[in-house]
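Welcome! Open your viewer, get your selection tool ready, and let's walk through this structure one stop at a time.

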Amino acid sequence: MIHDDSDERRARREAAEWFAHLKNTDITAAKIAEFRAWRAHAANDEAYGELERMWRSADVLERDSDIHRIAQRALRPRRRSALSALGRPPVLALAAGLAVACAAVGYQRFAAPTYETPVGEQRLVELSDGSQLRLDTDSKAVVRFGSHGRRIVLKRGQAFFDVAHDPQRPFVVEAGDMAVTALGTRFDVRRADRAFVVTLVEGAVEVRSTDKSRAQAYTLGPGEQLAAQSDGEVSRRRISNTAEATSWTTGQLTFRETPLDAAVAEINRYTKSKVVLGADDLADERLNGVFKADETDAFVSAIATLYDLQARKDRNGKTVLTRAGGAGA
């Protein structure tokens, strides 16, 4: 299953607290042992490692006005400064102040970035490791990178991944209860409710169920597509043209022997003004063609011409396709 966001927030919060605490010169051996036990957990170790890397940035105060302001506030004397009372050298005082600043601000910076697109829009994101993430219409992804791995949770929609090679940090995409693991490759993932489709363009990926009741794993090669349905059924096939299968990345929708009702459903993903196929007997008719994702009117015009339909707007603003001269099925 998808990891609980609250666990990561807890790890970040505790890491910030430990970081600030360990800057205290009065730390005890027992506290050190407690810290080591806490950091033995992978999630905690990853969270603390992120905070350490920020700390090691020599010019962090110069570059970050928020941290600088909070650190100065932490160091500002109130009646008699506690730091002065302890007789700490200025460097330790600065360390303590910056630790407080990191605790207050640092993990806002390292909170998992979330990328989202509204209906009808796409977004290309350059990730910190050099990988690229392209989000399709009405999609949402959460990026969680750490020292030991790279993980993206696709909350909804569709995304194309161009993965930078890094064998020390596996790249994992989770969608529902399925996970795709790759080292350096290009692939497409689509999630709709509990259904899941992955299309591999190049490289190799392992697709695995994260549902412990279904210990399934598949290794895909270029040109292979795997689909998992909400009922648990999994199908695997080879596709002849990966460019067509991922044509949405260029703003086009390619239909090859696609049932007409499925084509209408696909075009509806890209528009708020929905299209309704009012001739049910045409639902299984096969459509072949290439359409621009943002040109719904052109799609409607083509369908109306091909199948002798008429288009009309209903009271809700939907475009209804019915038999010419009739009320539709």
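Before you click, keep in mind that this is a predicted model.

**Stop 1: two phenylalanines.** Select Phe 161 and Phe 171, both of which are buried. Now look at how their rings sit. The ring centres are 6.0 Å apart and the planes stand at 65°, so this pair is edge-to-face; planes over 60 degrees apart get that name.

**Stop 2: another ring pair.** Next, select Phe 255 and Phe 291. Their centres are 6.0 Å apart too, with 50° between the planes, and this pair counts as tilted. Phe 255 belongs to strand 14 (residues 252-259) and Phe 291 to strand 16 (residues 286-292), so to speak two distant parts of the chain, 36 residues apart. Both Phe 255 and Phe 291 are buried.

**Stop 3: a ring cluster.** Which residues do ring pairs link into a cluster? Select Trp 18, Phe 35, Trp 38 and Tyr 48 to see them. In total, the model has 11 aromatic pairs.

**Stop 4: a loop.** Go to Asp 166, in the loop between strand 5 and strand 6. Show Gly 184 as well: it lies 18 residues away along the chain, with 7.0 Å between the two C-alpha atoms. Beyond its neighbours within four places in sequence, Asp 166 touches Arg 150 and Leu 183.

Stop 5: As a reminder, strands of a sheet pair through backbone hydrogen bonds, either parallel or antiparallel.

Both kinds can be found here. Strand 17 (residues 309-313) and strand 18 (residues 319-323) run antiparallel and are joined by five bridges. Strand 15 and strand 18, in turn, pair in the parallel sense over three bridges. Which residue of strand 18 is the bridge partner of Ala 311? Select Leu 321, and then notice that Leu 277 has Leu 321 as its bridge partner as well.

Now follow the chain from strand 17 to strand 18: they form a hairpin with five residues between them. In the turn, Gly 317 has a positive phi of about 85°.

Stop 6: Then move to helix 9. Its buried residues are Leu 260, Ala 263, Val 264, Glu 266, Ile 267 and Asn 268. These buried residues pack against strands 8, 14, 15 and 16 and against helix 10.

**Stop 7: the largest pocket.** Finish with a surface view. How much space lies in the largest pocket? About 940 Å³. The pocket is lined by 31 residues, and the closest to its centre are Arg 190, Val 197, Gln 225, Arg 237 and Ala 245. Among the elements giving two or more residues to the lining are strand 8 (186-192), strand 9 (195-202), helix 8 (242-245) and helix 9 (260-268). Strand 14 gives the most, with six residues.

Key. Residues are numbered from 1 along each chain as its sequence is written. This is a predicted model: local features need pLDDT of at least 70, side-chain atom pairs count only at pLDDT 80 or more; totals for chains, interfaces and linings use all residues. Side-chain values use heavy atoms; hydrogens and water are left out. Two strands pair if DSSP finds at least two bridges between them. Helices (H or I, at least four residues) and strands (E, at least two) are DSSP runs, numbered from the N terminus. Rings of Phe, Tyr and Trp (its six-membered ring) pair if their centres lie within 6.5 Å; planes under 30 degrees apart count as stacked, over 60 as edge-to-face and the rest as tilted. Buried means under 20% relative accessible area, exposed over 50%, partly exposed in between (1.4 Å probe, protein chains only). On a 1 Å grid over the protein atoms alone, a cavity is a set of points where a 1.4 Å probe fits but cannot get out, and a pocket is an open set with protein on both sides within 12 Å along at least five of seven lines; lining residues have an atom within 4 Å of a point. Grid points are joined across faces, edges and corners, and a volume is the space filled by probe spheres set on the points. Contact means heavy atoms within 4.5 Å.
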